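Thank you all for making the time this morning.

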Amino acid sequence: MHIHDLIGVGFGPSNLSLAIALAELPQAAGTTLDSCFIERQNDFVWHGNMLLDGTTMQVSFLKDLATLRNPASAFTFINYLHQNQRLEDFINLKTFFPSRQEFNQYLTWAADHFDQDVHYGEEVVEVLPQQEGREVVCLRVRSRGSDGRLHERLTRNLALGIGGSPRIPEEFRGLAGHPQVFHSSRYLQQVAALPSRPLRIAVVGAGQSAAEIFMDLHSRHPGYQVDLISRSRALKPADDSPFVNEVFNPSYTDFIYASAEEDRSQLLTEFSNTNYAVVDLPLIEQIYQTLYLQKVSSQQRHRYLRCHGIAQAEAHGDQLALTLHDQDSGTFFRQDYDAVILATGFQRQAHHQLLAPLADWLDSNQTDRYYRVATRPHFLPQIFLQGCSENTHGLSDTLLSVLAIRSAEIRDALLPELQRPSRKAYA
Ligand SMILES: Cc1cc2nc3c(=O)[nH]c(=O)nc-3n(C[C@H](O)[C@H](O)[C@H](O)COP(=O)(O)OP(=O)(O)OC[C@H]3O[C@@H](n4cnc5c(N)ncnc54)[C@H](O)[C@@H]3O)c2cc1C
């Protein structure tokens with residue numbers, strides 16, 4: 001069987017950026033890499049179930065797939081605009097923050113250039129060792145197609161860019177599969193299937209997705225009554241002020257990685273209000289105004305149930321009963337809903353499961369500065385993790401901010417002869 005130099009699992013922005021960095025290998029390097037990517041979605045789409053009207057990027061368009069590595073790349077957002085005859089009009093918007101829909105179009109446009117290298121509609125289910133004597137010489141990547149067929153490919157190196165998996169609170173585990181209890185990652189698909197009549201809906205969470213879904217439901221149907229439920233006391237603004245934003249500079253990764261473990265975790269906590277359980281200020285103001293206008297009209301449609309925990313969740317046929325805990329008064333009460341939407345974030349553990357068959361040779365909890373998993377002797381493949389190293393590489397690891405540079409770091413670790421002393425030399 002043919003052995004690839006590299007297989008990328010997942011074809012979201014991380015591995016797409018890596019594909020671009022590989023395609024832009026300096027000609028002087030005189031080497032090309034035989035790579036392919038495996039993506040479980042049938043086509044490229046960036047968080048398609050959260051492409052809500054009116055939502056915008058939370059990062060400057062200059063932190064696109066390529067600019068920070070190579071501003072002259074053909075894959076910059078600016079070139080995308082130019083190719084689509086919108087550059088002049090975009091300039092007139094005077095913004096660094098395009099709509100998420102437009103950024104998804106940009107990413108899709110970039111992904112289309114790699115169609116021949118991507119196997120869409122296949123989910124990688126495990127990665128097995130391929131041994132010659134005592135040595136693991138390459139990896140057998142097993143995936144299942146949407147038609148149920150198993151596929152196997154061999155590779156010398158692996159780059160996992162599989163994003164996060166929905167975090168489902170314990171109380172809702174028993175309701176998995178209920179069509180009216182769903183995570184934000186399935187929002188648009190599932191909300192479209194809700195009955196078109198007045199409904200009582202709970203949105204659980206205190207972050208950007210919870211806030212966006214609340215406003216989307218508000219304008220989606222005049223009969224929807226929405227409770228936004230969170231344990232926190234207030235919706236808090238995401239801090240994207242300039243000095244704070246420096247934690248997302250690619251150069252900050254070196255600083256974080258070189259810091260002692262306790263300093264790192266202190267830094268993650270100190271700056272978690274840039275990304276976790278926070279909302280863009282204009283959206284908070286919009287929600288506040290919506291709730292205020294209800295007071296003006298004396299017609300309560302939605303509620304913000306702050307300082308409320310969820311003690312229990314049960315389904316009685318179509319009806320969902322939540323037992324809510326008012327943390328201020330200490331009281332518990334039952335509230336019935338037609339649908340519950342969990343905007344409860346993501347966890348990043350799926351790589352452990354995929355790599356479980358390799359457990360004798362590696363420690364998937366540990367990555368070096370180049371995002372390479374620590375391996376034991378007699379294991380030759382290199383495995384790179386993208387988006388799973390927040391603890392060691394900083395808050396930017398799960399976001400777009402470092403993509404362009406990280407992909408060059410991974411590429412150059414794959415091709416050690418390309419390693420350069422200075423990031424400025426990347427091309
Ligand atoms: C709604 C939303 C908005 C966001 N907005 C921003 C923003 O404005 N700015 C920012 O910096 N970050 C944002 N983020 C963070 C987000 O993580 C990054 O934007 C980006 O998507 C990370 O890219 P990725 O490729 O690492 O992961 P993902 O985009 O999650 O892509 C992973 C891909 O891997 C595929 N996959 C997973 N498992 C398998 C498997 N076993 N086999 C095959 N394929 C698999 C998935 O289908 C997916 O296509 C947002 C996140 C969400 C949810």
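What you see is a predicted model, in which local features need pLDDT of at least 70 and side-chain atom pairs count only at pLDDT 80 or more, while totals for chains, interfaces and linings use all residues. Residues are numbered from 1 along each chain as its sequence is written, and side-chain values use heavy atoms, with hydrogens and water left out.

Around the ligand there are 27 residues, and the closest are Ser14, Glu39, Gln58, Thr398 and Leu400; a residue is counted here if one of its heavy atoms lies within 4 Å of the ligand. By type, this shell divides into twelve nonpolar, nine polar and six charged residues, where Ala, Val, Leu, Ile, Met, Phe, Trp, Tyr, Cys and Pro count as nonpolar, Asp, Glu, Lys and Arg as charged, and the others, Gly among them, as polar. Helix H1 (13–23), strand E3 (35–39) and strand E5 (122–132) each supply at least two residues of the shell, and E5 gives the most, with three. Helices (H or I, at least four residues) and strands (E, at least two) are DSSP runs, numbered from the N terminus.

Which atoms of Gln58 and the ligand lie 2.8 Å apart? They are a polar backbone atom of Gln58 and an oxygen atom of the ligand. The protein covers 90% of the 980 Å² of accessible area that the ligand has on its own, with areas taken from the Shrake-Rupley method with a 1.4 Å probe.

Among the buried residues of H6 are Ile213, Phe214 and Leu217, buried meaning under 20% relative accessible area, exposed over 50%, and partly exposed in between (1.4 Å probe, protein chains only).

Finally, the two residues. Lys236, in the loop between E12 and helix H7 (242–245), is partly exposed, with a relative accessible area of 48%. Asp412, by comparison, lies in helix H13 (residues 403–414) and is buried, because its relative accessible area is 2%.

Conventions. A polar contact is a pair of N or O atoms within 3.5 Å; within protein, one must be able to donate a hydrogen and the other to accept it, and residues adjacent in sequence count only if both atoms are side-chain atoms.
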